[in-house]
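Hi,

Here is the structure I promised to pass on. Please have a look at it first, and then read my notes below.

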Amino acid sequence: MAHRKTFKLLCGFAGGSAVLVFAAAAADSRGYFGEQRSGEPAAGRWSSFAVLRAAQPAWTPASHTPAPTGHAWDFNWDKRDPSLLSNGKSKKESATEGPGSEQDNGKPKATRNILLIRHSQYNLSGNSDKERILTPLGREQAELTGQRLAALGLKYDVFIHSSMSRATETANIINKHLAGVELVSCDLLREGAPIEPVPPVTHWKPDAVQYHEDGARIEAAFRRYIHRADPRQKEDSYEIIVCHANVIRYFVCRALQFPPEGWLRIGLNNGSITWLTIRPSGRVALRTLGDSGFMPPDKLTRT
């Protein structure tokens, strides 16, 4: 009787685990629970576990592993896969060349780290871009972001920002904490409507013309700035881009080869840091998305 109580207790701890149930079944068939059933047919010996087995859901790898969806990873997503850039040479000619060949020398060797910064809080009531400058809280947020970037102790190679007022002001404040990094302004990084979001939203509905114009510009910005390193780059780089929420969200979806229509499902705080890493092989990793943990809770905004 004591062995039966032990068996019931084990089944209770198993919480429906098929592994423990079948282990217990094997033990019972060998008489480890105090009942030797040498003369009992096999079907009779196992009938005591019929109910337990029936209670277990059928386990197959397919039922516990989500089926893959979408397309396979495209290693030539940035059109810079060196294996496809043979400079007019045939595959046979490339195969006969040694490891010091021109093709081998044309392979990227460095990793690009791109830190995408959303601008700080700004004056929403401004009628023009020049009037939409940072609020006092926004300037404080930019100071905190600059301090965070400086505290990372990285050597920043490039500092690019959108030409809109709120992004330019944010970049200027951040740059005070990063000595020796030249600021570069870019119109392609201006805010806009990259692509019609799915599912749609009711509070924001740009017309088709805006999607058509902004989408082409933001896609051009993606192609200019988000790609693997040039083969001539010898060391890993750390690059800062200060721009806007819509641009950053679209960049993230495109870089990870997620459906770009899902960009509006991502939320970003003002002054937050999104970190993309692009390996020489073309692999992309998202190290942080909208990191703003370096700001006190009362300084966090999304406007």
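This is a predicted model: local features need pLDDT of at least 70, side-chain atom pairs count only at pLDDT 80 or more; totals for chains, interfaces and linings use all residues.

I started with the largest pocket, which has a volume of about 510 Å³. Its lining is made up of 23 residues, and those closest to the pocket centre are R118, E191, A245, N246 and R249. By type, the lining residues divide into 10 nonpolar, seven polar and six charged. Helix α11 (residues 245-255) gives the largest share of this lining, with three residues.

Since 10 of the 11 residues of α11 are buried, it is largely enclosed by the rest of the structure. The buried set includes A245, N246 and R249, along with Y250, F251 and C253. Packed against the buried residues of α11 are β1, α10 (208-225), β4, β5 and β6 (284-291). Just after the helix, Q257 takes a positive phi of about 60°.

The other helix is α8 (residues 136-151). Its 16 residues should span 22 Å at 1.5 Å a residue, and the end C-alpha atoms are 23 Å apart, which agrees. On α8, the buried residues are G138, Q141, A142, L144, T145, G146 and L149. Their cover includes β1 (112-118), α9 (165-175), β4 (237-243) and β5 (273-278). Just after α8 comes a positive phi of about 70°, at G153.

Happy to talk any of this through.

Best wishes

Notes
Residues are numbered from 1 along each chain as its sequence is written. Side-chain values use heavy atoms; hydrogens and water are left out. On a 1 Å grid over the protein atoms alone, a cavity is a set of points where a 1.4 Å probe fits but cannot get out, and a pocket is an open set with protein on both sides within 12 Å along at least five of seven lines; lining residues have an atom within 4 Å of a point. Grid points are joined across faces, edges and corners, and a volume is the space filled by probe spheres set on the points. Helices (H or I, at least four residues) and strands (E, at least two) are DSSP runs, numbered from the N terminus. Ala, Val, Leu, Ile, Met, Phe, Trp, Tyr, Cys and Pro count as nonpolar, Asp, Glu, Lys and Arg as charged, and the others, Gly among them, as polar. The expected span of a helix is 1.5 Å times one less than its number of residues. Buried means under 20% relative accessible area, exposed over 50%, partly exposed in between (1.4 Å probe, protein chains only). Contact means heavy atoms within 4.5 Å.
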